[in-house]
Structures are given as structure tokens and as C-alpha cells.
Amino acid sequence: FHPFGLQILRQNHKEAGLPSHIGVIDPSASPSILKDLIKDITIAGKEKFDIEEVLNIINARRVEISQGRKEKTQGFDEYHEMAEMLLPKFMRKLDILGVVDFEGLLLKPLELFRSHPEVLEKIQDRFSQMMVDEFQDTNETQMKLVSDIVKKHRNITVVGDDDQSIYGWRGAQVANILTFPKNFAPCEVIKLERNYRSTPAILGLANELISKNRHRHGKILKAEGKTSGQLPELFVIGSDDEEAEFAEREIQYLLQQGYKHQDIAVLYRSEERSVGKACSSHRSSYH
């Protein structure tokens, strides 16, 4: 989504009020900018504010504004007050620098569409067909961007699995895929229930667990060309250090059983915290 937003801005930089060579600042630069801006605000105890939390509120407020919600965020407190003071200063600073931040790569195109409908119409004509993958991970802003572009022709295919939506903590809205058949009716729903990756034992457990969720598209995964396989095991581990020690013990155990190092692999997530692990893969597509 973000490279796509950057492409739109580069091709329409004049209308967006941006220089021809648009700079994109690293996400780590935004807190630094806010730290400099907060120095110019006269308020007691300003050094106690968590800049990352202020930035999160600012970005949430930007999304509200992009959706046409001009009212201030509910639950107004000192953090929201600080965010409201810093928001216009932050946006002005980005304009002076002639750069766009990570959130702006999606929000700026939406602003461009509102202020220049002819740009939106040009993009709608250019992209007469759209496909979105991993649709269960889209957020409110991404959904708005998609909806604006396909509004004219409504030729859209999305691929995803509501059962694998694990990014709600960073803004993903599983409702986007759950309500898609209704919001884009009439559409055809194709369930991809044949699974080529997991064994019947793993899929049986996965089906049993996920069936408890009442807010999902009904589907049952079926193993393709697999023997029953071993039942999965669940290990509850309290910390990162304990997890590393556990992995080491398991490796030593396997080596004692006659396996070689080349038979063993450790899979892990890099650079971001995982809130769930998928033991099987399944997708549904809608178009």
C-alpha cells in the first residue's frame, strides 16, 4: 500500500503540494521531530510525556480527519491535549521539509482525492481492476483508499483469511473481510478449503479451535494427500530467555535421538513481536 501511495503522490506532486522529488522520512524520525517541537511549547511537565504515545494519538487523529471526522477524539486528556497542540506544528514541519512520513503515504493520497476529484477519476480509469492480497490485515485507511479507487467500476478481488487476522494490535480490521460480501454485493465467494501444507491432525485441531469464533466466514480445512501425522503439542513459555533455552533443549534432544544438525530448523519472526502463530494456511477469495 505504501509504495502505491508514494507512486500516486509522485505522479501528482503538484496537486498534492509536494516537490517533484518527494522525500520519505524514516518512521524513527517522527519522534525526533516531535521532541524538537515540544521544546517550543510552554507547558509544565512536558518532559514527562511519552513521545511515542503522543505520536500514536496524532496519527489516529490524522486518520479521523482524513475520514471527515472533525470532532476531537473522545476520552480527551493531557496526552490528547498535547497531541492537538503538536499536530498542526508537526504537519507544517513536514511541509517545510518537503517530506512525507509513513502514515502520510496513505493519508496524503486521500486528501488529494478530496481536493482534486479529477486526479481520483484519472486513477480510477487507469486501474480498472484491483486485487488486494492479505486482505484480513488491511486497516481503516487502506480500506478507504481501496474503496475510493474502485468506487467507479467496483471491479475488485480480495484474497485473505479472516482466521489468520493477528494484526489488530496495529490497526488491522478483520471487519473489512467479514463485511466484504455485503459491502460489495453482488460478489462471488470462493472458499479455498483444500490445504496442501498441513496434516489432518494439525488441521483437525485448527478447525476445532477456530470453530469457537462466531464472527468468521464458515469453512473447514481439509488436508490434501497427507497422512494423519502426529498431534501438535502446545508449550507455554514465560519469557524470551525461557523460549531460547527451550529451543536449545529440544535441539539437544533431537541430536541425541540421531538427527543431524542439517535436519533441524528454527523459525522465528524478525524485528516485530508476533501475537500468534499459524499452524496451517488457508485463504478465501472474493470477487
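Trainee: Is Gln124 buried or exposed?
Mentor: Gln124 counts as buried, because its relative accessibility is 9%. Buried means under 20% relative accessible area, exposed over 50%, and partly exposed in between, with a 1.4 Å probe and protein chains only. This is a predicted model, where local features need pLDDT of at least 70, side-chain atom pairs count only at pLDDT 80 or more, and totals for chains, interfaces and linings use all residues. Residues are numbered from 1 along each chain as its sequence is written, and side-chain values use heavy atoms, with hydrogens and water left out.

Trainee: Which helix is Gln124 found in?
Mentor: Helix H7, residues 117–126. Helices (H or I, at least four residues) and strands (E, at least two) are DSSP runs, numbered from the N terminus.

Trainee: What does Gln124 touch?
Mentor: Leaving out residues up to four places away in sequence, Gln124 touches Asp148, Ile149, Lys151, Lys152 and His153. Contact here means heavy atoms within 4.5 Å.

Trainee: And which backbone oxygen lies 2.8 Å from a polar atom of the Gln124 side chain?
Mentor: That of Asp148.

Trainee: On to H8. How many residues of H8 are buried?
Mentor: Eight of the 11 in H8 (residues 140–150), so the helix is largely enclosed by the rest of the structure.

Trainee: Which ones are buried in H8?
Mentor: Thr141, Gln142, Met143, Leu145, Val146, Asp148, Ile149 and Val150.

Trainee: What sits at the start of H8?
Mentor: A side-chain oxygen of Asn139 there comes within 3.1 Å of the backbone nitrogen of Thr141.

Trainee: New topic. At what angle do H4 and H6 pack?
Mentor: About 20 degrees, with the axes of H4 (residues 51–66) and H6 (residues 104–115) 10 Å apart. That makes H4 roughly parallel to H6. Angles under 35 degrees count as roughly parallel, over 145 as roughly antiparallel, 65 to 115 as roughly perpendicular and the rest as oblique. Axes are lines fitted to C-alpha atoms, for helices over the stretch in contact, and angles run from 0 to 180 degrees between N-to-C directions.

Trainee: Which residues make the contact?
Mentor: H4 gives Arg62, Val63, Ile65 and Ser66, and H6 gives Gly104, Leu107, Leu110 and Arg114.

Trainee: Zooming out, how many helices and strands are in the chain?
Mentor: The chain has 12 helices and eight strands. Its C-alpha atoms fill a box of roughly 65 × 50 × 40 Å along the principal axes.

Trainee: What share of the chain do buried residues make up?
Mentor: 34% of the 287 residues.

Technical notes. Polar contact = N/O pair within 3.5 Å; in protein donor to acceptor, adjacent residues only side chain to side chain.
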